[in-house]
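Please keep the structure open while reading.

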Amino acid sequence: MLFRRLHICAVMLLASAPAALAWTSPAPDVVLYCAPALQRALHQVADDFTAASGVPVHIFVAPPDGLVGLITHRARADAVVADAATIGTLTSRGAVRAGSLVALGKDAFVLVARADAALPEGAGVAQLLATYAVVLPDPTTAASFDGASVLRQRGPAPAQQIGVSDTPTVLAVVHDTGRVLGLVYQTEVPPAWARVASRLQASPTQMQGALVAMGQSPNAARLMAYIAGPRGTDVLRQAGLDPAS
């Protein structure tokens with residue numbers, strides 16, 4: 001008899017598990033996960049959203065592999081902004097809400113230099129790659145993209161490649177060294193000290209946003225609508241994201 005009662009209780013708990021896991025928190029805070037390329041722009045958008053709504057936004061940054069691992073293992077997350085491939089992986093695993101996906105735009109690959117670098121006047125991509133060493137992300141799970149693979153899309157390899165773990169490290173090396181170029185997304189170019197030396201003719205990356213299936217915040221949809229709305233779109237464009245087509 002006791003065993004039968006325990007069995008019935010277990011069945012009832014399993015039946016109610018999806019509802020419990022989908023619990024909506026009374027706290028207004030929104031937890032947003034994003035790829036490194038868009039963190040600067042999304043911090044600005046989040047600050048604007050908080051100022052307008054009073055809803056705090058907490059942003060956590062990780063490369064694609066990290067985003068997938070954290071969200072699928074049910075770390076607290078309400079919304080995610082990343083490249084289309086990462087959003088596609090999360091979708092295939094049921095980790096984002098059906099119908100919540102929004103296209104935000106395309107992020108081009110660029111060669112970045114320090115603003116005070118004396119680059120040859122009118123130099124094209126081929127001349128720059130033949131003249132300067134290029135710092136780029138290695139093809140590991142720590143990186144947002146495989147730098148060497150991106151360069152192969154546009155032709156011959158540069159005279160010298162310096163592989164590092166991720167694009168923030170690319171930018172650190174360019175800043176500290178000066179006499180090198182870095183391969184990053186256009187939205188990552190720091191306006192304070194860097195400039196785009198050349199935009200690559202490689203396929204840009206589509207960036208998307210979606211709501212996390214097991215999200216808890218009642219304000220996640222409001223934040224995503226704000227990111228995809230006029231103010232969010234304007235900030236993303238100013239950061240270098242090309243309009244979604």
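**Contact between α8 and α9**

In α8, Tyr-226, Ile-227 and Ala-228 meet Pro-230, Arg-231, Gly-232, Thr-233 and Leu-236 of α9, where contact means heavy atoms within 4.5 Å. The residues of this contact divide into five nonpolar, two polar and one charged; Ala, Val, Leu, Ile, Met, Phe, Trp, Tyr, Cys and Pro count as nonpolar, Asp, Glu, Lys and Arg as charged, and the others, Gly among them, as polar. The model is a predicted one, in which local features need pLDDT of at least 70 and side-chain atom pairs count only at pLDDT 80 or more, while totals for chains, interfaces and linings use all residues. Residues are numbered from 1 along each chain as its sequence is written, and side-chain values use heavy atoms, with hydrogens and water left out.

**Geometry of the helix pair**

- Helix α8 (residues 220-228) and helix α9 (residues 230-239) pack with their axes 4 Å apart and at an angle of about 55°; helices (H or I, at least four residues) and strands (E, at least two) are DSSP runs numbered from the N terminus.
- That angle makes α8 oblique to α9, given that angles under 35 degrees count as roughly parallel, over 145 as roughly antiparallel, 65 to 115 as roughly perpendicular and the rest as oblique.

**Aromatic pairs**

- The count comes to five aromatic pairs, with rings of Phe, Tyr and Trp (its six-membered ring) pairing if their centres lie within 6.5 Å, and with planes under 30 degrees apart counted as stacked, over 60 as edge-to-face and the rest as tilted.
- Phe-49 and Tyr-226 form an edge-to-face pair, 5.5 Å centre to centre with 65° between the planes, and this pair links distant parts of the chain, since Phe-49 lies in helix α2 (residues 39-53) and Tyr-226 in helix α8, 177 residues apart.
- Phe-49 is buried, with a relative accessible area of 3%, whereas Tyr-226 counts as partly exposed at 22%; buried means under 20% relative accessible area, exposed over 50% and partly exposed in between (1.4 Å probe, protein chains only).
- Phe-109, Phe-145 and Tyr-185 form one aromatic cluster.

**Helix α4**

- Thr-86, Ile-87 and Leu-90 are buried in helix α4 (residues 84-92).
- Seen down the axis of α4, its buried residues fall within an arc of 100°, so they line one face of the helix.
- These buried residues of α4 pack against α3 (64-72), β3 (79-83) and β10 (205-211), while the face turned away from the buried side carries the exposed residues Ala-85 and Ser-92.

**Ser-144**

- Ser-144, found in the loop between β6 (133-137) and α6 (147-152), counts as buried at 19% relative accessibility.
- Leaving aside neighbours within four places in sequence, Ser-144 is in contact with Pro-36, Pro-64 and Tyr-185.

How values were computed. The arc is that of the directions from the helix axis to the C-beta atoms. Axes are lines fitted to C-alpha atoms, for helices over the stretch in contact, and angles run from 0 to 180 degrees between N-to-C directions.
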